[in-house]
Amino acid sequence: SASAVASGQVRLSLGSDTGGSIRQPAAFSGIVGMKPTYGRVSRFGLIAFGSSFDQIGPFAPTVRESAQMLNVITGFDGTHDSTSADLPQTDFTSKIGQSIKDLRIGIAKEQLGEGVDPAVKAQILAAAKVLEAQGAIIDEVSLPHSKYAVAVYYIVASSEASSNLQRFDGIRYGYRADDIANLDDVYVKSRSEGFGEEVKRRIMLGTYSLSAGYYDAYFKKAGQVRTLVINDFKKVFADHDLILGPTAPTPAYKLGTLNHDPLTMYRGDMMTIPVNLAGLPGISVPAGFVDGMPIGLQLVAKPFDEETLFQAAEAFEQATDFHKEKPVIFKEGK
């Protein structure tokens, strides 16, 4: 979805964000990716992974187009999605173009610390200066429990995936293997062939976390820590409008350098996952390049305050030209 927009094949596209899968691809592709508040967009038609995390949102070349697309896809869906928020229809472009003077924006110190590429950190701090020059009030805040967010996410989301993907049984739903001799073959072969390695890994992790004897130690404890993460955001948003940070700790991966170690890849979600744990709206906008590879600036807002998110994101976009620039993927002659 992200590369289709970035390469100009389509103007707009949709993605689903469970732990960052709209914002990170957008950051790595040099476009705008937006995850709405949990419940803002109906999940009817989306194959569920983590039901308490999943949210559909737009990919777009510009902030305004992202807001316009969100106008189209939002709305209460009491028939098909019980988690859909029953709220009046909103014009998400309503604050675009307004001054961001006196907007209070916090930079979470935990999101610029260990594990963050120094060059990415420098670009994000430069982005904060751009917003500050327009009158925003920038200061440091703390999200102390965000360091546990990746661990919490991979327990809770994998547990939900284990439950959601039970329907892929080769009988009523999903892929069905050939060359089967009995009922056991239907289940085992269909799931072995139909699921990829990472999906199997998450199902096994989730099933283990939900099993008798381990539920309290893993799933229940993860749920308690999730509440602590949510409370951290509530404390910051008591006197701030937005939180600013990198979308990912590194620039986009260069071709052929993607690390396939699962734990290393999981840590790449450290900036985006806390937002999903708390069900908050977040947006990634192009914030420059490191070694020719795009990076994203993530802004996070209070629940159902997407208008302020678009207001600040568009102010940054208008003050820079990053959204007009393209990464050099292949050098001339190669």
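**Helix crossing and salt bridges**

Helices α5 and α7 sit roughly perpendicular to each other (the label for angles of 65 to 115 degrees; under 35 counts as roughly parallel, over 145 as roughly antiparallel and the rest as oblique). The model is a predicted one, in which local features need pLDDT of at least 70 and side-chain atom pairs count only at pLDDT 80 or more, while totals for chains, interfaces and linings use all residues. Residues are numbered from 1 along each chain as its sequence is written, and side-chain values use heavy atoms, with hydrogens and water left out.

Two packed helices are described by the angle between their axes and the distance between the axes. For α5 (residues 149-164) and α7, the axes cross at roughly 95 degrees and come within 7 Å; axes here are lines fitted to C-alpha atoms, for helices over the stretch in contact, and angles run from 0 to 180 degrees between N-to-C directions. Helices (H or I, at least four residues) and strands (E, at least two) are DSSP runs, numbered from the N terminus. On the α5 side, Y153, Y154, I155, S158, S159 and S162 meet R202, I203, L205, G206, T207, S209 and L210 of α7, contact being heavy atoms within 4.5 Å. By class, that makes six nonpolar, six polar and one charged residues (Ala, Val, Leu, Ile, Met, Phe, Trp, Tyr, Cys and Pro are nonpolar, Asp, Glu, Lys and Arg charged, and the others, Gly among them, polar).

R202 also turns up in a salt bridge, with its closest N and O atoms to E198 2.8 Å apart; the term covers a side-chain nitrogen of Lys or Arg within 4 Å of a carboxyl oxygen of Asp or Glu. The two residues lie four apart in α7 (residues 197-210), so about one helical turn separates them. R202 is buried at 18% relative accessible area, whereas E198, at 27%, is partly exposed (buried is under 20%, exposed over 50%, partly exposed in between, with a 1.4 Å probe and protein chains only).

Across the whole structure, 13 salt bridges are found. One of them pairs E65 with R11 at 2.7 Å, N to O, linking distant parts of the chain: E65 in α3 (residues 63-73) and R11, 54 residues away, in the loop between α1 (2-6) and β1 (13-17). E65 counts as buried at 17%, but R11 is exposed at 52%. E306 and R40 form another, with the closest N and O atoms 2.8 Å apart. Here the partners are 266 residues apart, E306 in α11 (residues 306-319) and R40 in the loop between β2 (32-35) and β3 (55-60). E306 is buried at 0% relative accessibility, and R40 is buried at 7%.
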